[in-house]
Amino acid sequence: MSNKIIEKILPPPPPHMVGDGFRVHNFFPSGYNISNSRMSPFFMMDYNSKVDFSPRETPRGVGVHPHRGFETVTIAYHGKIAHNDSTGNSGVIGEGDVQWMTAASGILHKEFHEEEFSKKGGPFQMIQLWVNLPAKDKMSKPKYQPLTNAQLGKYKLPNDGGVVEVIAGEFKGVKGAASTFTRIEMYNIKIKKGSSVSFDLPENFNTGILVVEGSVKVNGENAPADNFILFKNEGETISLEAQEDSVLFVISGEPINEPIAAYGPFLMNTHKELEEALDDFSQGKFGHLED
Ligand code: MN
């Protein structure tokens with residue numbers, strides 16, 4: 001095994017608002033000049049770095065909108081997000097929880113700050129990833145995996161050095177909570193200052209680490225908070241040394257080597273499939289959800 005080579009350490013690009021509830025840095029595909037297949041199966045990553053929202057009676061967020069052809073994965077670090085969708089699923093993503101929603105053939109959903117959080121206000125920090133689906137699964141039935149923090153796999157770092165929460169895949173024998181369509185590794189590494197950990201991820205998997213909190217040395221290079229470490233497809237081993245108490249979000253996945261046709265909330269293989277998605281949406285085939 002050799003060290004996984006770092007391609008770039010990217011600072012957060014300028015933020016933009018998604019609705020009025022999410023102030024996000026888009027690391028890929030549009031925030032930097034990264035091709036839309038570079039991180040496949042991960043198509044998009046929006047990062048709401050920690051920001052204070054003032055108290056408000058009416059929750060901020062994004063109203064009813066469609067998705068087709070992929071999955072949305074939402075990870076909450078601070079604050080709470082309320083979700084409702086057209087298949088009848090709803091829930092609250094609390095601090096430390098993960099929601100893995102398979103839009104697949106099509107859903108409508110809305111994403112807002114949870115009501116009590118909104119009334120109180122305070123720090124808000126989350127990630128939303130769009131995970132692509134292979135062609136054969138794009139039109140499968142929508143699915144919803146609300147994963148509470150207690151359900152995530154937990155690997156304890158030696159000498160009380162912290163914990164690795166295994167969202168998907170497997171970390172040193174501890175299995176992740178999410179079921180996935182393609183091979184995906186996804187972890188939150190919560191590591192204490194002065195502690196270190198090494199692990200291997202396949203060379204061909206597209207791999208990155210977002211420093212959610214703290215700062216770390218990664219294979220000898222310093223990465224501060226809110227930076228994204230993009231790895232080349234060279235080498236396997238990642239060695240982390242925490243310079244402060246840190247939280248690191250690790251993603252790694254086997255690329256889906258298929259054409260990508262993307263338009264707004266739809267992620268398909270061909271332009272024709274995008275037109276079908278628009279038609280089906282305008283004909284109400286994604287179901288119904290009240291505003
Ligand atoms: Mn959405």
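This is a predicted model: local features need pLDDT of at least 70, side-chain atom pairs count only at pLDDT 80 or more; totals for chains, interfaces and linings use all residues.

**Entry 1: the prolines**

I started with proline 41 and found it in the loop between β3 and β4. Then I went looking for another case. Phenylalanine 28 and proline 29 are also joined by a cis peptide bond, where omega is about 0°. Where is proline 29? I traced proline 29 to the loop between β3 (22–28) and β4 (42–53).

Next I looked for positive phi values outside glycine. Asparagine 159 isn't a glycine, yet its phi is positive, about 55°. I placed asparagine 159 in the loop between β13 (153–157) and β14 (162–168). Is asparagine 159 buried or exposed? I got a relative accessible area of 78%, so asparagine 159 is exposed, the cut-off being over 50%.

Aspartate 226 went on my list too: not a glycine, but with a positive phi of about 70°. I found aspartate 226 in the loop between β21 (221–223) and β22 (228–231). Its relative accessible area is 22%, so I wrote down aspartate 226 as partly exposed.

**Entry 2: another histidine**

I moved on to histidine 83, which I found in strand β7 (residues 81–85). Buried or exposed? Histidine 83 counts as buried, since its relative accessibility is 1% and the cut-off is under 20%. Histidine 83 and histidine 109 are 26 residues apart along the chain, and their C-alpha atoms are separated by 7.1 Å. What does histidine 83 contact, leaving aside neighbours within four places in sequence? My list for histidine 83 is Asn89, Ser90, Gly91, Gln99, Met101, His109, Lys110 and Tyr144.

**Entry 3: the whole chain**

Time to zoom out. I counted 2 helices and 26 strands in the chain. Its radius of gyration is 18 Å, close to the 19 Å that the globule rule gives for 291 residues, so the chain is as compact as a globular protein of that length. For its extent, I noted that the C-alpha trace spans about 55 × 45 × 35 Å along the principal axes.

I also looked at the contacts. Of those between residues at least 6 apart in sequence, 72% join residues at least 24 apart. As for burial, 53% of the 291 residues count as buried. The accessible surface of the chain comes to about 12300 Å², and 49% of that belongs to carbon and sulfur atoms.

Last, charges. I found 28 positive and 37 negative ones in the chain, and their mean positions are 3 Å apart.

Definitions and conventions
Residues are numbered from 1 along each chain as its sequence is written. Side-chain values use heavy atoms; hydrogens and water are left out. Helices (H or I, at least four residues) and strands (E, at least two) are DSSP runs, numbered from the N terminus. The radius of gyration is taken over C-alpha atoms; the globule rule is 2.2 Å times the number of residues to the power 0.38. Buried means under 20% relative accessible area, exposed over 50%, partly exposed in between (1.4 Å probe, protein chains only). Contact means heavy atoms within 4.5 Å. Accessible areas come from the Shrake-Rupley method with a 1.4 Å probe; for residues, only the protein chains shown count as cover. Lys and Arg count as positive and Asp and Glu as negative; His and the chain ends are not counted. The place of a charge is taken as NZ of Lys, CZ of Arg, CG of Asp or CD of Glu.
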